[in-house]
Structure formats: structure tokens, C-alpha cells
Amino acid sequence: MTLLEVTLLAPLLGSVLLTFVGHRPIGGWINVSTCAVTFGASLLMALNVFAHGPTLSSGKLFYIDAFNVYLVALTAFVGLSTAIFSRPYMQHEVERGRLTDRRLRLYHSMYQGFLFAMLLALSTNNVGILWVAMEGATLTTVLLVSLYRTPESIEAAWKYFILCGVGIAQALFGTVLVYFAAEQKLGAARDDTLLWTVLHANAAGLDPAVLSLAWVFLLVGYGTKVGLVPLHNWLPDAHSEGPTPMSAVLSGLLLNVALYALVRFKMLVDASLNTNLAGYMMMGFGLLSFTVASLFLHRQHDIKRMFSYSSIEHMGLMTYAFGLGGPLATFGALLHMTVHSLTKSAIFITVGHASQIAGTQRIDKIRGLIRTQPAVGWGLLIGTIAIAGFPPFGVFTSEFLLLTATMKSSPWLAVPLLMGFGIAFAGLFRHLHPMVYGDPPAGQKPVRANMLPVMLHLALVLWLGLSIPSFLARWFEQATVLISGSSLL
Amino acid sequence: MASGFRTFHVRNDVCGSKNNMDLTQLGLYDQAIIVFAALVLFTSFIMLAQARVIPLIYTFAWQGALLAVVTALVALVSNHPHLYISAALTVALKVFLIPWLLYRLAVRLNIRHDAETIKHPSLLLLGGAGLVIFSYYVALPIVRLSGLATRNTIAVSVAVVLVGMLLMIARKKAVAQVIGFMSIENGLFFSAVVSTYGMPLIVELGVAFDVLVAAILFGVFFFHMRESFDTLDVDQLNRLSEARETILSHEEAGAASSEERP
């Protein structure tokens with residue numbers, strides 16, 4: 001069995017197994033150990049690709065190169081640490097009476113199902129399967145968003161379902177158009193026309209008019225899942241109403257995978273059009289999302305909503321960076337994907353503990369975390385400092401790279417970029433300060449919290465900020481060459 | 001009549017299409033494809049104006065059946081046997097299974113006799129007609145390039161997608177929205193069939209699986225919605241908006257109640 005098969009089969013089998021035993025105490029452990037197997041296999045696979053270059057599976061159905069293997073490893077890693085956090089957290093939720101056994105089983109099974117869908121989306125070579133897996137990721141998470149069965153959560157899940165469903169339907173139409181263009185070029189007799197490797201090899205000959213039409217549909221479709229403004233409405237609702245581990249993986253992983261799909265298609269469209277149309281559209285949408293989300297940060301009253309707007313802001317920034325193109329911006333965007341995933345999932349984990357301490361998600365009711373439970377308070381403080389882009393954390397490094405790239409190619413765009421950074425920073429900190437330092441309300445007690453994943457994530461982000469280890473830098477470098485066509489280092 | 005088709009002929013010449021085709025010179029099956037494609041779009045318009053739940057579900061089933069006929073005809077004309085599988089899948093899923101699921105839900109939720117008032121129905125239909133014209137415009141670059149016999153119906157398939165979206169936007173009932181969602185899916189399948197003779201089978205199976213799961217999940221949602229909101233009116237889903245939250249927070253700041261929000 002190849003490493004790829006292990007990576008994909010582990011979550012699939014885990015999902016099936018947890019359908020039956022997910023509600024037992026052992027369910028949480030199975031969840032963790034499945035994620036551990038997945039992560040181990042993905043790491044070995046990553047090293048393999050790093051040593052031997054891209055690999056194509058025997059049936060040509062899977063393709064692993066530097067770009068997706070690092071996202072596979074990241075997905076498996078965040079999946080693992082979130083599973084470690086989720087075990088005691090969900091137990092606590094059951095004790096609080098917010099969940100029944102059946103729903104816990106559903107939760108565990110769908111958690112693995114979601115990971116499977118995302119790993120499939122990342123590793124598949126067939127752009128049709130990519131679509132199926134992205135839709136699958138929606139379907140597995142939609143019942144998790146409404147897991148608590150409150151009116152708000154059902155509304156959020158419905159919105160998520162409808163908006164993402166219709167959005168991603170656009171992407172399917174875009175995929176059909178790409179297929180159409182490829183058939184015109186390659187002839188209808190072949191059965192491998194929808195494979196990304198084939199498309200990429202022949203991208204230059206695809207009809208530009210059809211591909212630019214396809215790109216519009218793909219951008220709207222996958223852009224809905226990335227959470228680009230004005231298609232973002234589902235995102236804050238889904239993140240704030242679902243259980244916290246779900247918010248962590250949605251924000252840290254799902255958005256990345258959707259952006260990954262966009263970047264893959266951008267590579268095709270760029271090669272066909274020979275203009276930067278796709279890039280300009282991504283820059284526009286990205287910058288709009290970035291600015292609007294940083295303004296909305298100021299208006300939030302729910303802590304998870306606030307951080308989901310921060311996710312929109314960062315996804316906007318990455319979309320902008322990939323649109324900008326060039327080795328420097330691409331390298332920065334890849335780094336930003338990594339550090340954002342790590343930091344944001346750490347923050348959501350901390351926020352989960354914080355809202356269990358305060359018994360609510362309302363920002364004005366969460367007070368005095370550092371006094372009640374220093375670990376959670378500090379975790380939230382450091383996490384927010386990291387996500388706001390303070391040195392020496394990795395987010396600063398990547399944002400600095402992006403700013404440098406912007407200065408180089410289109411300096412006037414640095415103005416809205418810097419303003420956005422400032423506004424977002426102010427938005428986060430005006431809410432953070434009283435939550436962390438204020439006086440705790442009487443009777444507020446610490447909860448059982450496992451801060452290990454948070455510390456691990458933040459330590460990694462700090463490490464990436466201080467010095468990117470050379471193997472990782474070369475890895476990013478390989479992906480940068482793949483995407484932008486030229487080398488940075 | 002003939003002169004109308006003549007313009008088509010001329011345009012094809014101008015565009016330099018691969019095989020010089022005139023609508024009147026098409027084979028019988030090709031003409032049948034065009035007729036049935038038009039009927040698919042026609043069912044979309046019926047759904048747009050149909051206010052009652054059960055006829056809406058039936059119309060959806062009819063759309064699936066017509067789509068299956070088109071697919072089978074395309075399979076026959078183009079000699080693509082795998083399209084027969086797609087057609088069979090469409091019959092199983094979109095003519096029987098999903099309409100049956102929806103019908104059963106309508107019975108169990110006791111909304112069989114529900115009818116919603118559609119605001120400005122004539123405006124809605126005109127909007128749909130506008131979308132059809134727009135989709136001809138959208139499909140221009142594809143049609144220009146395509147040499148397939150079915151290329152005249154590509155724009156129709158785009159129109160089915162767009163009219164499905166209009167249906168979702170215009171309707172307030174959850175059931176109607178689901179029907180709109182599924183008819184968008186129909187349109188996408190349609191576009192794949194007529195523009196590329198269908199996607200590879202593995203992709204089509206995947207998409208069909210997704211659609212089936214989505215239909216089941218929608219059913220689950222109906223019950224949850226009924227439980228929480230006492231209605232299937234999506235207008236009632238209005239708790240989560242930025243403005244509302246601001247109001248709530250002021251109210252809560254006034255009253256010192258510590259309501260636990262999940």
C-alpha cells in the first residue's frame with residue numbers, strides 16, 4: 001500500500017468506524033489515532049516528494065507535487081491537533097448537556113469524513129473529482145454546523161448549505177467549460193482530458209475565450225468557499241454557530257483547500273490567456289475582502305464571529321497575493337497559508353476554552369481570562385498578537401513579504417494594504433483587551449483545558465517567524481517555481 | 001420560417017464553424033434533441049411560476065425525465081454508450097428518487113396543500129426570459145468553437161442553470177429553494193451532456209452521489225427547521241445578521257440577564 005493510500009484510507013475507514021462507536025469514550029481516541037496515522041503517512045509522503053519530485057499514481061487519478069503535498073501535510077497536522085483538542089472539549093459539551101450520544105457519533109464520523117474530502121480534493125489529479133470532493137466537504141460539515149440544533153445554528157447551516165451549494169455549482173460549470181476547451185484541443189477520444197497534468201501540459205493551446213469564461217465561473221464558485229467578499233455571508237455564521245473544533249478546521253483548512261483549487265485553475269488560465277486577467281480579478285476580489293473584513297472586525301459582538309472575519313481578511317490577503325503573482329508574492333502567500341492555518345486553528349481552540357469558561361460567546365460577557373485561567377488568557381493574547389501580524393511571529397514575515405512584493409510591482413496598492421493591516425489590528429485589540437485583562441465576573445471557574453496544541457501551533461508560527469528552516473524554505477521554493485514559473489531563492 | 005433559419009446559416013458561415021450546419025438540414029434525432037431541450041427549459045419556466053408544492057415536485061420530475069430523454073438521444077446520435085448510463089442515472093435519481101423523497105417529506109411535514117404567493121409573477125417570467133437571452137450571449141464563445149450537433153442547445157442548458165437560480169432567489173419556501181437547487185444541478189448536467197457529451201463517468205458518478213446526499217440532507221433540514229422555527233419559510237431565518245446582533249447586544253446591556261447563547 002502506498003503512503004497516499006494510507007493517507008486517504010485512514011480517514012475514510014475512521015469515518016465508517018466512528019459511525020458505530022463514535023459516541024463511546026473510545027471514539028475520541030479513535031479520532032485522534034486516525035488523524036495521527038494520516039499525519040504520519042502524509043509527512044512521509046511529503047519527504048518522498050521532496051526527495052524525488054512529483055509523483056503520479058498508477059491510475060493517473062492522483063498527482064502529488066510540491067504545492068499540494070505541503071497542504072496535505074498541513075491539513076493532516078491541523079486535523080490531528082484539533083482532534084487532540086476536540087476529545088476533552090466534546091466530552092465537556094456532552095457533560096453540559098448540549099449534545100446527545102447520537103450527535104457525538106455524527107460529529108466524530110463527519111470529522112473524519114471532512115478530512116477525507118479535503119485530502120481527496122488536494123491529492124486528486126482529476127479536476128472533476130476535485131469538485132466532487134469540495135462539494136463533499138460542504139456536505140460533511142453542514143450537519144456539524146447545526147450540531148447544537150439551536151435556531152441560530154440551523155439558520156447558519158442552511159445559509160452555508162445553500163450559498164456554498166449554489167456557489168460551487170458555478171465551479172462545476174466552469175469545470176465543464178474547461179473540459180470543453182480541452183476536448184476541442186485534444187479531441188474527444190481521450191479519456192484523460194480532465195486530468196490536471198494533461199490540462200496543464202496543454203494549457204497553452206486551450207481556447208482563451210472559453211477559458212476566461214470558465215475562470216469567471218470558477219472564481220465565483222470556489223471563491224464562495226474561500227469566503228471572498230461579497231460571497232462571504234455564510235462564513236461568519238457557519239464558524240460562529242458550529243462546535244469550536246469545526247470552526248478551527250473550517251477556518252484553518254477548508255478555506256485553504258478552496259484557494260488551492262483556485263490557484264490550480266489560475267495556472268491553466270494564465271497559460272492559455274497569456275494575460276494577467278485571472279491575476280487582476282483575484283487581486284480585486286482579494287483586496288476587497290481584505291478591506292471589508294478588516295472594517296467588519298470592529299462591529300462584532302461574538303468572539304467566534306470576530307475571528308471568522310479575521311479569516312476572511314487573511315484569505316483575501318492570500319487571494320490578492322496569488323493574484324499578484326511573481327515568485328516573491330507566491331512564496332509569501334504559501335507561507336501565509338501555513339502560518340494562518342496554524343495560528344487561526346490555535347486561536348479557535350483557545351476561543352473554545354474561553355467561551356466554555358465564560359459560558360457564552362458574547363465578547364462583552366467574556367472578561368478576565370488571565371486571572372481565571374492564565375493559560376487560556378495568555379493563549380488568546382499571544383494568538384491574537386500573532387494573527388494581527390506582530391513580529392516576531394510568522395504572520396509578520398509573510399505579510400512583510402507580501403508588502404515588499406506589492407511595493408515592487410504596484411506600489412500604490414501598498415496604501416490600502418497598510419491601512420487594512422492597521423484597521424484589522426485595531427479591530428482585534430479593542431475587543432481583546434477587556435476579554436483578557438478585565439475583572440472576571442464572580443464565580444467564573446477554570447475549565448479542563450488542553451493547551452498543548454495551541455502552544456505547539458504558536459511555537460511553530462514563532463519558529464517560522466524567526467527563521468524558516470531550510471528544508472521548508474526549499475519546499476516552498478519548489479511550490480513557488482511550480483506556480484509562478486520562476487525561482488525566488 | 002425558412003428565412004429565419006437562413007440567418008442562422010449565415011452566422012455559422014461567418015463564424016467559420018467546422019461543419020456547415022443548417023437547422024433544417026439536421027437529422028430527425030438532432031431535431032428531436034432540440035425540441036426536448038426546449039421542453040426542459042419550458043419546465044424550468046413552469047417551476048418558476050408554480051406556487052403549489054406538489055405540482056412543483058411533479059414538474060421537477062418531468063424536467064428530469066425530459067433531461068434523460070435528451071441524454072439518451074444524444075447518446076444515440078453521438079454513439080457515446082456511456083451516456084446511456086448517465087441517462088439511466090438521471091431517471092433513477094431525478095425522476096424517481098429525489099421527487100419521491102421530496103413528496104414524502106411534503107406529506108410528513110403536512111405541507112402538501114401549501115401555496116406561496118409569488119410576488120409579481122409576470123415580472124419573474126420576464127426576468128427568466130431575459131436570462132435566456134443573456135445565456136445565448138454567454139454561450140457565444142462556446143458555440144463558436146463547438147462542432148457538436150448539440151451546440152445549439154448549449155445556451156439552453158445555461159439558461160436552465162440561471163432560471164434555477166432565479167427560482168431560488170424569488171422563492172421563500174425551503175422546498176422551492178431545494179427544487180431550484182436541484183434544477184441548477186439539472187442544468188449543469190445538461191450543459192455537460194450537450195457541450196462535451198458528458199463528463200467522464202467517474203466524475204458523473206461522484207456528482208450524482210453528491211446530489212443524492214444533498215437531497216437527503218435537505219430532508220433532515222426540513223425537520224430541524226420545522227422544529228426550531230415552526231415553519232419552512234426561509235424568511236424566518238433572520239436571526240444572524242450584523243444589525244440584529246447590535247440590537248441584541250444593546251438590549252442585553254440594558255437588562256443584566258445572563259442569557260447563555262450557544
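Against which helices of chain A do the buried residues of H19(A) pack? In this predicted model, they pack against helix H2 (25–52), H3, helix H10 (244–273) and helix H13 (326–358) of chain A. The buried residues in question are A:Trp475, A:Phe476, A:Gln478, A:Ala479, A:Thr480, A:Ile483 and A:Ser484. Helix H19 spans residues 470–484 of chain A, 15 residues in total, and extends 20 Å from its first C-alpha to its last, close to the 21 Å expected at 1.5 Å a residue. Just after H19(A), A:Gly485 adopts a positive phi of about 85°.

**Helix pairs in chain A**

Two of the helices that pack against the buried residues of H19(A), H3 and H10, are also described here through a further partner. The table gives the geometry of each pair.

| Helix pair | Axis separation | Crossing angle |
|---|---|---|
| H3(A) (66–95) and H18(A) (452–466) | within 9 Å | roughly 155° |
| H10(A) and H11(A) (277–296) | 8 Å | about 135° |

On the H3(A) side the residues are A:Ser81, A:Ile84 and A:Phe85, and they meet A:Leu452, A:Pro453, A:Leu456 and A:His457 of H18(A). By class, this contact has 5 nonpolar, 2 polar and no charged residues.

The axes of H10(A) and H11(A) pack at about 135°, and the two helices are therefore oblique to each other. Here A:Lys266, A:Val269, A:Asp270 and A:Leu273 of H10(A) make the contact with A:Leu277, A:Ala278 and A:Met282 of H11(A). The residues divide into 5 nonpolar, no polar and 2 charged.

**Buried positions and the nonpolar core**

A:Val395 lies in helix H16 (residues 394–409) of chain A. Is this residue buried or exposed? A:Val395 counts as buried because 27 C-beta neighbours lie inside 10 Å, the cut-off for a buried residue being 20 or more. Residues up to four places away in sequence aside, A:Val395 touches A:Val339, A:His340, A:Thr343, A:Ala386, A:Ile387, A:Gly389 and A:Val461. Its C-alpha atom is separated by 23 Å from that of A:Gln300, which is 95 residues apart from A:Val395 along the chain.

The largest nonpolar core has 265 residues, of which A:Met118, A:Ala121, A:Leu177 and B:Val70 touch the most other members. Helix H6 (residues 151–186) of chain A gives the most to this core, with 22 residues. A:Ala121 is in contact with A:Leu130, A:Ala133, A:Met134, A:Ala137, A:Val257 and A:Ala261, leaving aside neighbours within four places in sequence.

Chain B has 262 residues, 44% of them buried. Its secondary structure consists of 9 helices and 0 strands. Among contacts in chain B between residues at least 6 apart in sequence, those joining residues at least 24 apart make up 70%.

Terms used
Residues are numbered from 1 along each chain as its sequence is written. Chains are lettered from A and ligands numbered from 1 in the order in which they are written. This is a predicted model: local features need pLDDT of at least 70, side-chain atom pairs count only at pLDDT 80 or more; totals for chains, interfaces and linings use all residues. Axes are lines fitted to C-alpha atoms, for helices over the stretch in contact, and angles run from 0 to 180 degrees between N-to-C directions. Helices (H or I, at least four residues) and strands (E, at least two) are DSSP runs, numbered from the N terminus. Two residues are in contact if their C-beta atoms, placed from the backbone, lie within 7 Å. Ala, Val, Leu, Ile, Met, Phe, Trp, Tyr, Cys and Pro count as nonpolar, Asp, Glu, Lys and Arg as charged, and the others, Gly among them, as polar. A residue is buried if 20 or more other C-beta atoms lie within 10 Å of its own, exposed if 12 or fewer, and partly exposed in between; C-beta atoms are placed from the backbone. The expected span of a helix is 1.5 Å times one less than its number of residues. A nonpolar core is a set of buried Ala, Val, Leu, Ile, Met, Phe, Trp, Tyr and Cys residues joined through C-beta atoms within 7 Å. Angles under 35 degrees count as roughly parallel, over 145 as roughly antiparallel, 65 to 115 as roughly perpendicular and the rest as oblique.
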